[in-house]
Amino acid sequence: MPISFVGRRFRPDEFDAYLGSISFSDFQPEFVTLHHTGAPTLASRPDGLTDQHLRNLLAYYQDELGWNGAPHLFIDDRTDGIIVFQRLDKRGVHAVSFNRNSWGVEMLGEYDSEEFNTGRGDLVRDNAVRAIALLNKRINATPESLKFHRDDPQTNKTCPGMRVQKADMVARIASGMNQSPPPDMVSNATPWKVFLSTGLEIRLVHMVGGRPTCRIKELLTLIRPGGSYALNTSKTKVTWNTSTGNVKVINVAQIDEKGSPWGFLADIAAAARYKVQVNGKVITLTKI
Ligand SMILES: [Zn+2]
């Protein structure tokens with residue numbers, strides 16, 4: 001029986017909706033088991049997991065290991081960093097003692113040695129917390145129900161890495177379960193105020209589909225000056241060649257009357273490696 005591969009990326013709000021569409025019959029998950037990938041490391045995947053990486057993982061589990069199941073989720077540091085790898089309503093394969101009644105969630109990274117509470121590891125952690133909070137809500141599991149792979153008596157792995165602490169994750173998941181969805185995903189007539197960590201306010205913010213958007217070039221020029229910009233002919237994507245020689249592609253949310261492309265704040269911030277922090281109706285962008 002082949003692995004029921006899905007291979008779709010979700011933002012947290014999209015993942016919440018996806019979870020709501022699933023019903024369970026033969027597989028009845030009761031908790032989440034948390035893992036890290038170990039290999040690949042976070043450093044070896046500078047842009048997260050691509051579709052090709054996911055297909056390679058599928059081939060590895062299915063053809064090399066001969067498994068008929070896999071971890072359910074992979075998590076990376078992108079804004080749409082919740083990846084459904086295999087069907088959530090089917091039993092997975094990820095921890096001998098916990099396969100029968102848990103979902104397996106794999107965080108991209110090697111957290112015996114890579115940073116988990118700063119930089120990109122911090123973004124992976126936040127995506128994992130959001131995903132697990134939503135999974136728990138879906139099945140009425142408590143934050144304390146979380147297991148680490150290393151809790152399995154049948155493994156001697158340190159997975160999900162010694163830098164990942166159970167009490168810290170449980171506390172974050174508990175607060176995640178009490179939170180409303182992330183504000184840039186929520187419909188709201190009142191615009192959000194957006195500031196740089198220097199205190200400078202970004203004044204041109206429009207809501208599109210309930211999410212804050214900014215002029216892509218204008219915001220990037222402010223937070224990561226230099227480089228060049230190109231809008232594709234269908235006006236759906238901006239390619240940004242950064243001053244340090246990187247190439248980033250940002251989705252266009254809308255084109256304004258002057259023909260300038262606007263993008264979602266979360267996407268622009270991610271491309272510039274800025275963290276989006278929210279406090280009430282105030283968003284602060286901080287360099288990672
Ligand atoms: Zn593991």
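In the predicted model, strand β2 (residues 31-36) runs parallel to β5, and six bridges connect the two. Within this pairing, H35 has E106 of β5 as its bridge partner. Strand β5 also pairs with β3 (residues 73-75), again in the parallel sense, over three bridges. In that pairing, I75 is placed opposite M107 of β5.

Strand β5 spans residues 102-107, and six of its six residues are buried. The burial extends to both faces of the strand. One side carries S102, G104 and E106, and the other carries W103, V105 and M107, all of them buried. Contact between the domains involves five residues of domain 1 and four residues of domain 2. On the domain 1 side, the touching residues comprise one nonpolar, one polar and three charged residues.

An open sheet of four strands has the order β9-β10-β15-β14, with antiparallel pairing. The edge positions are taken by β9 (206-208) and β14 (254-255); each has a single partner strand, so one side of each lacks a neighbour in the sheet. Between them in the order, strand β10 (residues 211-215) and strand β15 (residues 261-264) are joined in the antiparallel sense by three bridges. T213 has F264 of β15 as its bridge partner. Helix α5 packs on this sheet through contacts with β10 and β15, and the direction of the helix makes about 75° with that of β10.

Helix α5 covers residues 216-223, and its buried residues are I216, K217, L219, L220 and I223. Viewed down the helix axis, these residues fall within an arc of 165°, so they line one face of α5.

G263 is located in strand β15. This residue counts as buried because 24 C-beta neighbours lie inside 10 Å, the cut-off for burial being 20 or more. Although G263 and T213 are 50 residues apart in sequence, their C-alpha atoms are 5.3 Å apart in space. With residues up to four places away in sequence left out, the contacts of G263 are T213, C214, I216, V238, I250, N251, V252, A253 and I268. Among these contacts is I216, one of the buried residues of α5.

The partner of β16 is strand β17 (residues 282-287), to which six bridges join it in an antiparallel arrangement. In this pair, V278 is found opposite I283 of β17.

Key
Residues numbered from 1 in each chain as written. Predicted model: local features only at pLDDT ≥ 70, side-chain atom pairs only at ≥ 80, totals over all residues. Pairing = 2+ DSSP bridges. Buried ≥ 20, exposed ≤ 12 C-beta atoms within 10 Å, placed from the backbone. Arc of directions from axis to C-beta. Contact = placed C-beta atoms within 7 Å. Axes fitted to C-alpha atoms, helices over the stretch in contact; angles between N-to-C directions. Nonpolar A, V, L, I, M, F, W, Y, C, P; charged D, E, K, R; others polar.
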